[in-house]
Amino acid sequence: MIPFLFASALAADGTTVLVSSLQARNSESVGLASLVENFLAQELDKHPDIDVLRIEETPAFQDYPARTYMEGCPPGEIAGCTFVIAERAGAELAVTGTVQALVGGTKVTIEILDIGTARSLISFQSELEAGNDEAFAEGVAKVLVAAISGEVGQEKDIRFNDEGEAAEPMDDAAVAAQLAELSREMGSVTAVISRSDRAIAKPEYTLDDLAKKMEGEGTKPWERLGMGPSEYLRYKNAGLTLFEWRKRAIGRQGQLLIRPVVGYASGPYAGTYYGRIAYDITGGSLGVVDAYSAQSVQTGSGASFGASIGWGLTPYLDVGVVGGLTLGTFTVDINQETVGSPAISADPESSGQTTLFVGPRATATLFPVKNVRPSFGGSLLIIQGRTSLDAESVPESLATFTPGTLVAAEVFVGGEARLSERVDFYLQVPIQLRIAGAVTASERAGTAEVVDATAPPGASILGAGVVVGLQVRLFGAKPKDATRYDEMEGIDE
């Protein structure tokens, strides 16, 4: 069982208690919420063992005071907002709650929060008749003083044993008895005093919260920061300081991006040279009667290595150039035969092939503030494989060809993951579409058609792969109000 009533906040003297805002649940209760808050602060301040802390005395945020933060707290999250302020201010306990005007009365709920354990420990709830507002505030303050100082209870208090020392947590029956004593101390204005013992969730701003802020008068929080409403929403929910948010929101604008890459690709990365020669013995001399030569760029798979360099034009877009090579195979298939004699086939020979690629590239990455970001982009690639065999490597009657050169459009999708301020891990899945260049070439010579003149099939029009790498980001634009933030660096917003 978690220790009950301020077990983490015991002090020999001077328990710091934040008296926070009470959230009005309807427009008719706004005035009463402020009234109850002030009464609570006044009553608690009378006790020498309690150091009362008001919202105005807590550290301001970089762009607005703590009271403004509390005024913008989303409905139903007043405990979480109070916890944020109390934790920043170093308070041990906090008092908050809600007020709702009803027909003929008011419903008030008060919560006591233990900041050290981030839990709501006890709640007071009552439906007050008109005229009992001040009595309720005084009664709650009286119970808070008694509970914090350990004066409540005739035989055993929730927080102290018989020697006045910190006691072990009480069982449920003992807690129930102590709460009944608290109700008697409150008097007739209290309907319910109950143990809460729930974890406090920090608030998250929503579009509804923004809509309500936009309906109000005066300068909006996002206007003070030079943001739009949607950007302000993302900022509030990011859990970052304003300086860090500003810095990340710049994204890649003005940055030099260096991306080494390794991967695996399937595409026009293989090739075959095909040669057939037919001889005829006439008049005791050997002559070529048919010769067929062909070369094909073919689909192959292999490891890919490369790098790209980009320059950030906007927070989301960079342009640059990419280059590298992909490993594949090149097959040589040459056979010779004599007319009238059985053809003798030689086994094809394969060796390694290197295919180079280079071209311009554009990359777009969304949500630059987030640690994990989706990305997509495209390239226009010039792809060229190894040369065919030279004239000395093939029989004299066979032709040789220049390397196959292709042009392909490539699109890719992927994502980035932030490793540090300047380094990201990234993954991309590219898909290629060949848009120009011949994948086959052939030539035939001779006086007869004797040999098999079937060119090897060319590469598919599509290619694909997967690559991973590191992205190093250098330079970059500075955040807005850079001088101001440099002075405030290290201050927790």
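Are Arg67 and Glu37 buried or exposed? Select both and look. Arg67 is buried, and Glu37 is buried too. This is a predicted model, and every value below is computed from it.

**Stop 1: Arg67 and Glu37**

Keep the two side chains on screen. They form a salt bridge, with the closest N and O atoms 3.0 Å apart. Now colour by helix. Arg67 sits in α2 and Glu37 in α1, so the bridge ties together parts that are 30 residues apart in sequence. Side chains of opposite charge can pair when their charged atoms come close. A search of the whole structure finds 15 salt bridges.

**Stop 2: the end of α1**

Stay with helix α1, which covers residues 30–45. Select Asp45, found in this helix. Asp45 has a relative accessibility of 52%, so it counts as exposed; the cut-off is over 50%. Together with Asp45 they gather in a patch of negative charge on the surface.

**Stop 3: the largest nonpolar core**

Next, select Leu18, Tyr69, Met70 and Ile85. The largest nonpolar core has 20 residues, and these four touch the most other members. Show α2 (66–71) and α3 (78–89): each supplies at least two residues of this core. The largest share, seven residues, comes from α3.

**Stop 4: two positive phi values**

Go to Ala118. It lies in the loop between β4 (105–114) and β5 (119–129). Its phi is positive, about 55 degrees, although Ala118 is not a glycine. Most residues other than glycine have a negative phi. With a relative accessible area of 22%, Ala118 is partly exposed.

Jump to Phe367 for another case. Its phi is near 50 degrees, again a positive value in a residue other than glycine. Phe367 is in the loop between β10 (349–365) and β11. At 42% relative accessibility, Phe367 counts as partly exposed.

**Stop 5: Gly404**

Follow on to the loop between β11 (372–384) and β12 (405–418), where Gly404 has its place. Gly404 has 15% relative accessibility, so it counts as buried; the cut-off is under 20%. Gly404 and Ile383 are 8.2 Å apart in space and 21 residues apart in sequence.

**Stop 6**

Select Lys247 and Glu244. Their side chains meet in a salt bridge, 3.5 Å from N to O. Where do the two sit relative to each other in helix α9? They are three residues apart in α9 (residues 242–249), which means a separation of about one helical turn. Lys247 is partly exposed at 27% relative accessibility. Glu244 is partly exposed as well, with a relative accessible area of 22%.

**Stop 7: a bridge between strands**

Move to Asp290 and Arg444. This salt bridge has an N to O distance of 2.7 Å. Asp290 lies in strand β8 (residues 285–312) and Arg444 in strand β14 (residues 440–446), so the pair ties together parts that are 154 residues apart in sequence. Check the cover on each side. Asp290 is buried at 0% relative accessibility, whereas Arg444 is partly exposed at 34%.

**Last stop: a network**

Finally, select Arg252, Arg259, Asp318, Arg373, Glu416, Asp424 and Arg473. Salt bridges that share partners join these residues into one network.

Key: Residues numbered from 1 in each chain as written. Predicted model: local features only at pLDDT ≥ 70, side-chain atom pairs only at ≥ 80, totals over all residues. Heavy atoms only, no water. Patch = residues over 30% accessible without salt bridge, like charges linked within 9 Å, V, L, I, M, F, W, Y side chains within 5 Å. Areas by Shrake-Rupley, 256 points an atom, 1.4 Å probe, with all protein chains shown as cover. Salt bridge = Lys/Arg side-chain N within 4 Å of Asp/Glu carboxyl O. Lys, Arg positive; Asp, Glu negative; His and termini not counted. Charge placed at Lys NZ, Arg CZ, Asp CG, Glu CD. Helix = DSSP H or I, 4+ residues; strand = E, 2+ residues; numbered from the N terminus. Buried < 20%, exposed > 50% of the residue type's maximum accessible area, 1.4 Å probe, protein only. Core = buried A, V, L, I, M, F, W, Y, C linked by side-chain atoms within 4.5 Å.
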